[in-house]
Amino acid sequence: MGAKDLSLYSMLFAYLLLLVPVGILYAMKVKLVKESFFSILRMSIQLGLVGVYLKYIFEWDNIWLNIAWLLVMIIVSTFSIIDSNGVCKRVFFLPIVGALAISLFFNISYFNYFIVNISDIFNAKYLIPISGMLLGNSLKGNIIATNTFFDYFRNREKEYFFTLSLGASRQEALKPIVRESMKRSLKPTLASIATIGLVSLPGMMTGQILGGSVPMTAIKYQIAVMIAIFSTMAISIFLVILFLKKVSFNKFDVLKKYIFIKGEN
Amino acid sequence: MIQIKNINLSFGKKEVFSNLSLTIKQGEKVILNAPSGKGKSSLLKIIMGFLKPDSGEVMVAEKLISAQNIKEIRAKIAYLPQDISFPKMKVEDFIKSVLSYESNKSISYEKNKVEDSLEALMLPKDVLTQDTTSLSGGEKQRIGILIMQLLNREIFLLDEVTSALNSELKIFIADYFLKMKQTIIIVSHDDVWLKNNLRKVEW
């Protein structure tokens, strides 16, 4: 048994609820009214499409189709990481796709095989939603980590040069930067892990409970998923930074200047 | 010691310098004098291999700078930029961490030697137990000098090292460097440097 389906009327009421916050924004002259409608509209279209797509993915449950869907998610995440840094797509596309793919495939396989204990680890019902959670959270972490890394070179390259001039190898000089990137990207997640249950019931648990699972099952899944999220984040951030270090520097150990692109693009 | 032949540098459309040539002998003290934006700091970066000129040759210690020998060349040079910053830790630990780099492993930390250098630089001994973040600009500069001396560097590239210091310290630091036997290239607007044994290079 699943959650009760929502009728068209239900959805109408859902959208109707928007009138309250939008009314407040309008009255207060906070210029977010248009944006609110736009965001909700965009979300509705995206989810609508995904809904159609997932319906078939679950129906067909074809291994290759499932893996292809994961690759699409990985590629979208990669572009989002690259865009948030304003760096060259050509240089960073493959390294980031590779890093995300390795950490996601390792973690989702481990999760499905050892934790959920299913033999068909590419079963769409487990593979797609759990991967989405692992990747979505890793995306946030990787954006923070790569921003920290590149911002260091945008603003404090002198420090790096000074460290090199003290006799440090590239690896030695980058160590503190890598540490800072990892720390800053993992900290928020650790903080939110520590407050789970006290402040908010996470989406996965809510979904499972609505879907008819007993709370204890939902909680066990939630714990396992949080650990897997942390693991996917840490591994992917580590690999993304490792690969960035490989492709970003010239033979003089200087960050290649052309990787920073100006404006959009 | 340093030979620069016909180097050109521009950032985008802006020409920084063109056909610059300069030869600096061992032990010579040279001050670079050019309007700002004319690439004085860039020239120091080129000598360190941090920046590649668009064309021309740069030789340090008889060797043309290349990816193969850049580590060896950097190991001869002390590069002191304007506002150096150290990672947050005790000064003594920072000095030790620099000596722990693979390429510096042959140099051991000798406390007496460090304390002698501190004295010569007019720094109190207890600066070693202070946190790097609590150091003033002038103290940081002098710790930087101390470390570069521990590393036995033959060439000193000084990028505005005196600009943030008070006048007393300016004079002290300038004298200190001008008395050294190492080759020194100075970028500075301070007239405390203008002494007899200094060569002025203008462009």
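Colleague: Let's start with A:Gln222. Is that residue buried or exposed?
Modeller: Buried. This is a predicted model, and in it A:Gln222 has 20 other C-beta atoms within 10 Å. The cut-off for calling a residue buried is 20 or more, so A:Gln222 makes it.

Colleague: Where in chain A does A:Gln222 sit?
Modeller: In helix 10 of chain A, which covers residues 215-247.

Colleague: And which residues is A:Gln222 in contact with, leaving aside neighbours within four places in sequence?
Modeller: A:Pro202, A:Met204 and A:Met205.

Colleague: How many residues does helix 10 of chain A have, and how far does it reach?
Modeller: Helix 10 of chain A has 33 residues and spans 47 Å from first C-alpha to last. That's close to the 48 Å expected at 1.5 Å a residue.

Colleague: Which other residues of that helix are buried?
Modeller: Quite a list, including A:Ala218, A:Val225, A:Ile229, A:Met233, A:Ile237 and A:Leu244.

Colleague: What do the buried residues of helix 10 pack against?
Modeller: Helix 5 (89-115), helix 6, helix 8 and helix 9 (203-210), which belong to chain A as well.

Colleague: Zooming out, how many helices and strands does chain A have?
Modeller: There are 10 helices and zero strands in chain A. Of its 265 residues, 26% are buried. The C-alpha atoms of chain A fill a box of roughly 65 × 55 × 35 Å along the principal axes. Also, take the contacts in chain A between residues at least 6 apart in sequence: 71% of them join residues at least 24 apart.

Colleague: Now chain B. What's the strand order in that open sheet of five?
Modeller: The order is 6-7-8-3-9, and the pairing is parallel.

Colleague: Why is one side of strand 6 and of strand 9 left without a neighbour in the sheet?
Modeller: Because strand 6 (77-80) and strand 9 (198-202) of chain B stand at the edges, each with a single partner strand. On average, neighbouring strands of this sheet are turned by 15° against each other, direction ignored.

Colleague: How many bridges join strand 3 to strand 9 in chain B?
Modeller: Five, and the two strands run parallel. Strand 3 covers residues 29-33, and B:Asn33 stands opposite B:Glu202 in strand 9.

Colleague: Which strands does helix 1 of chain B lie across?
Modeller: Helix 1 (residues 40-48) lies across strand 3, strand 6, strand 7 (155-159) and strand 8 (183-187) of chain B. Its angle to strand 7 is about 150°.

Colleague: What about the largest nonpolar core? Which residues touch the most other members?
Modeller: B:Ile47, B:Tyr79, B:Leu80, B:Phe156, B:Leu157 and B:Leu158, out of 89 residues in that core. Helix 6 (residues 124-155) of chain A gives the most to this core, with 11 residues. Back in chain B, B:Leu158 touches B:Leu80, B:Phe177, B:Ile184, B:Ile185, B:Ile186 and B:Val187, not counting residues up to four places away in sequence.

Colleague: Last one: how many residues of chain A are in contact with chain B?
Modeller: 15 residues of chain A, meeting 20 residues of chain B. Helix 7 of chain A gives the most to the side of chain A that touches chain B, with six residues. By class, that side has eight nonpolar, three polar and four charged residues.

Definitions and conventions
Residues numbered from 1 in each chain as written. Chains lettered and ligands numbered in written order. Predicted model: local features only at pLDDT ≥ 70, side-chain atom pairs only at ≥ 80, totals over all residues. Contact = placed C-beta atoms within 7 Å. Helix = DSSP H or I, 4+ residues; strand = E, 2+ residues; numbered from the N terminus. Nonpolar A, V, L, I, M, F, W, Y, C, P; charged D, E, K, R; others polar. Buried ≥ 20, exposed ≤ 12 C-beta atoms within 10 Å, placed from the backbone. Pairing = 2+ DSSP bridges. Axes fitted to C-alpha atoms, helices over the stretch in contact; angles between N-to-C directions. Core = buried A, V, L, I, M, F, W, Y, C linked by C-beta atoms within 7 Å. Expected span 1.5 Å × (residues − 1).
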